[in-house]
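This report looks at how two chains meet. It then turns to one residue.

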Amino acid sequence: MSDATVFAVRTALALYPGRYRRERGDELAVVFADTTAGAGPMAKIQELFDLGAYGLRMRTGLTSTSAGGRLAALAAPLVAGAAGGLAAGQALLGYLESGVPHGGWGLLHFLPYWALLGAAMLSAVAALLGRWTMAKALAGVSALAAVVELVWVATRPEVTQPLWVFLESFQWDGPFVLWALVLLAAPKEGLPVPSWRERGLLLAAAALTPVVAFADNVYTSWYHLDRQWRALMIVVPLLMALAVVRGWYLVAVPGLAALPWTFSVNLHALWQQEGGAWKLLPMAGLTVVAAVALVLVGRRRGPAGPGGRQLA
Amino acid sequence: MQEPTLLLLTALADAPRHGYALIQEIAAISDGRVKMRTGTLYGALDRLLGQGLIEVAAEEVVDGRARRTYALTDAGRGALATEAERLRAVATEAERRLSVAVVSPRVRGAFA
């Protein structure tokens with residue numbers, strides 16, 4: 001291997017947890033060297049990416065056998081459905097309010113927004129068909145378009161308060177970024193071959209999410225909802241998702257699926273109602289303390305065994 | 001059982017093998033269709049080790065290079081046999097139905 005390749009392999013191996021790297025690093029490097037002997041640069045890059053990706057999954061606890069990876073994989077049908085359903089709802093709402101943008105500046109302005117909605121809807125269809133690689137790729141496109149849209153909106157010359165505008169737009173675009181991260185975090189081998197149950201969950205999430213999102217007009221009526229309810233809408237799904245440390249997947253899966261939307265939609269309102277992000281620190285601190293306590297209790301007691309309440 | 005798992009267990013069915021040999025065997029069994037990469041292979045190996053379907057048969061240093069050899073456990077052999085039987089039953093049924101199928105002529109100009 002050339003010096004550059006050796007450096008690249010060492011960098012990829014550095015992503016692995018130290019103990020695993022000490023035990024298996026040499027073996028992985030040997031297999032990499034044998035596999036890429038005589039291969040072109042593109043094949044080597046793909047092999048390196050794959051080597052590093054598994055290390056990153058191990059480091060972040062997102063392998064198919066870890067609780068985090070299993071949680072993301074089990075939540076994937078709900079997440080894909082929720083994103084697709086909310087995208088369809090937003091597209092319909094946008095069309096009814098503004099119609100289809102026509103040419104020039106208007107079209108350019110709406111391009112990232114419509115790209116994120118279209119990609120999210122197609123991602124849900126791909127997930128429904130069990131095409132998870134395609135679903136993840138489209139979710140990634142959706143997230144990328146959302147980021148472009150957020151930056152675009154917040155950095156317009158006429159904007160005087162970029163953070164306010166960013167957070168205001170985040171309540172619309174944020175869920176798609178966070179849902180995409182959950183889908184991308186799900187290990188491929190842990191994702192289910194969709195049965196009627198997974199398809200039913202996906203379609204139910206797709207139908208329910210826009211109904212919940214728009215029925216009470218959560219987006220525009222932030223001043224009608226007390227901040228403690230807003231806080232609870234974030235804290236409850238977060239604690240539900242953290243129940244995964246006890247192996248309670250039946251609780252954790254809906255928590256994780258709901259959290260991206262509840263977090264995004266309430267962040268701006270909480271920030272605005274409190275009059276500044278720093279005033280949210282006590283609540284955030286309490287949430288972190290509760291989360292850490294839950295994790296520590298979970299670790300002390302160990303994960304739930306066969307008797308634990310699990311979806312799968 | 002997902003295809004990569006099936007291929008990996010099949011590659012170990014006749015003899016214990018080390019990492020690179022497994023990649024070559026899987027490519028051969030799948031007629032070149034599946035080329036498992038290093039990270040993906042070790043992800044699958046770690047999972048199967050955790051499930052008790054495979055085990056480390058030997059750890060050695062060959063030409064100054066670390067090498068582990070993996071082998072099927074009894075549980076892995078049983079899981080592979082069960083999956084092979086299931087696939088055989090599906091294939092048999094598919095062949096039976098194909099042999100009795102009535103082929104209807106395609107109608108030109110009809111809507112699909």
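## Basis

The model is predicted: local features need pLDDT of at least 70, side-chain atom pairs count only at pLDDT 80 or more, and totals for chains, interfaces and linings use all residues. Residues are numbered from 1 along each chain as its sequence is written, chains are lettered from A in the order in which they are written, and side-chain values use heavy atoms, without hydrogens and water.

## The interface

Chain A puts 23 residues into the contact, and chain B puts in 17. Contact means heavy atoms within 4.5 Å. Together the two chains bury about 1900 Å², with 49% of it on carbon and sulfur atoms. Buried area is the accessible area (1.4 Å probe) that two parts lose on being put together, summed over both.

Three salt bridges are counted between chain A and chain B. A salt bridge is a side-chain nitrogen of Lys or Arg within 4 Å of a carboxyl oxygen of Asp or Glu. Arg24(A) and Asp46(B) form a salt bridge through their side chains, at 3.3 Å from N to O.

On the side of chain A that touches chain B, helix H2 (18-36) and helix H3 (41-60) of chain A are the elements that give two or more residues. H2(A) gives the most, 11 residues. Helices are DSSP runs (H or I, at least four residues), numbered from the N terminus.

## Glu83(B)

Glu83(B) sits in helix H4 (residues 74-100) of chain B. Is Glu83(B) buried or exposed? Glu83(B) is buried, because its relative accessible area is 9%, and buried means under 20% (1.4 Å probe, protein chains only). Leaving aside neighbours within four places in sequence, Glu83(B) is in contact with Met1(B) and Leu6(B).

Methods: Buried means under 20% relative accessible area, exposed over 50%, partly exposed in between (1.4 Å probe, protein chains only).
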